Amino acid sequence: MPHLTILYTPDLDRPAAEGGTDIRALCATLADTMRAQRDEAGQPVFPTGGIRVLAYPAAHCAIADGGAAGRAAGGTGDYAFVYLNLRIARGRSAAVHQAVGRALDACIQEHFAALLASRHIGITLQIDEGAEVYNSRTSSLHPLFTQG
Amino acid sequence: MPHLTILYTPDLDRPAAEGGTDIRALCATLADTMRAQRDEAGQPVFPTGGIRVLAYPAAHCAIADGGAAGRAAGGTGDYAFVYLNLRIARGRSAAVHQAVGRALDACIQEHFAALLASRHIGITLQIDEGAEVYNSRTSSLHPLFTQG
Amino acid sequence: MPHLTILYTPDLDRPAAEGGTDIRALCATLADTMRAQRDEAGQPVFPTGGIRVLAYPAAHCAIADGGAAGRAAGGTGDYAFVYLNLRIARGRSAAVHQAVGRALDACIQEHFAALLASRHIGITLQIDEGAEVYNSRTSSLHPLFTQG
């Protein structure tokens, strides 16, 4: 943890000239943003070795009214959407949740500014605290970040 | 929200003659069904601009006993499955949850009637109320549906 | 239920000689392990007909610091990760949760032993109890396992 999973319409994987965007770059920016978060005591909010961002274009999807309102408004009716779900471990403060959410939102708004202006796209970000009943880690990655 | 995510065995993307079905059409029907839901006061249960259905075939999977019982029963042993998870916002009544679930189930049963009769397929629908600690929306899609 | 969903970096789908592994075989082993679990009374923990393992390679991802620490440690900086999330129905004991988790972890550690030794890979397993507000099943698969 933290794990940020991004589900999105596959047309976003097109070139920018065709209404798409660089989702890989978005993943990297969001990971960097999570890594930069600090809590009230100035400590990193998240362990670097636990940060993951994963993006999955849907194979099939349906959105809202299927495009009618978008076409009526002069658009193509090809709605796009992005759902970002960040799962974090329990126990952080509400203030930290809000600060992390706002920091990720700032990335999102910058990354999608051009698309928000040029097509109908809906982006939702949610943060969940995991309520798992079992948790384990098997890793040769975390030790890179936990010396000393 | 609402977000309906469908995870399924990739063989379902084959033509109907080969044991598959039209998952894209299923997405559209489910979205239409969510859009048609009304609560006790006759109001739409869900905001049109928030409806998303996303379907993801698994790259790899394993089901039940791997096929032994299916072959023993005269089938191919190639089990199929579909898991539909609908995440909605908190605060709706139990009666609304049941009504939405039953309406989606009616779609599912109609869509899969032929497959249920011809092969071994398991379909599960669950509705979760989100318990997120942060929620935000950045959208040029929602405004299409929220005029005055 | 139970549903075990595996999200992972797509490089793991390469041949073993290129740092990958057989995710399909992992799915089968994990399903067999779930099928073999017994509770305190010696009864199966999970209904065979409900066992599903689904694996999804990410289309895009970003991990930890993006590779800097891995390269500094003499690796390629191409981190891999696997996130396994098992969703089960409510109502089982904490002892069963722990026993199931440990059994799955044993599979994971055996399956990934070579990769853990040869590259930087992080593997997380979590078990969630579903808190759904609606649940239904439409199945021609379950009856194979529920004869009188």
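Student: How many bridges join β3 of chain B to β2(C), and which way do they run?
Tutor: Four bridges join β3 (residues 60-63) of chain B to β2(C), and the two run antiparallel. Strands (E, at least two residues) are DSSP runs, as are helices (H or I, at least four residues), numbered from the N terminus. Two strands pair if DSSP finds at least two bridges between them.
Student: What stands opposite C61(B)?
Tutor: L54(C), in β2(C).
Student: Where does this model come from, and how is it numbered?
Tutor: This is a predicted model: local features need pLDDT of at least 70, side-chain atom pairs count only at pLDDT 80 or more, and totals for chains, interfaces and linings use all residues. Residues are numbered from 1 along each chain as its sequence is written, with chains lettered from A and ligands numbered from 1 in the order in which they are written.
Student: How many residues does the contact take from chain C and chain B?
Tutor: Chain C gives 32 residues and chain B gives 35. Contact means C-beta atoms, placed from the backbone, within 7 Å.
Student: Which elements of chain C give two or more residues to that side?
Tutor: β1 (3-8), α1 (23-36), β2 (52-57) and β6 (134-139) of chain C.
Student: New topic. What is the strand order in the open sheet?
Tutor: The six strands run β6(B)-β5(A)-β4(A)-β1(A)-β2(A)-β3(C), with mixed pairing. β6 (134-139) of chain B and β3 (60-63) of chain C are the edge strands, each pairing on one side only.

Terms used: Contact = placed C-beta atoms within 7 Å.
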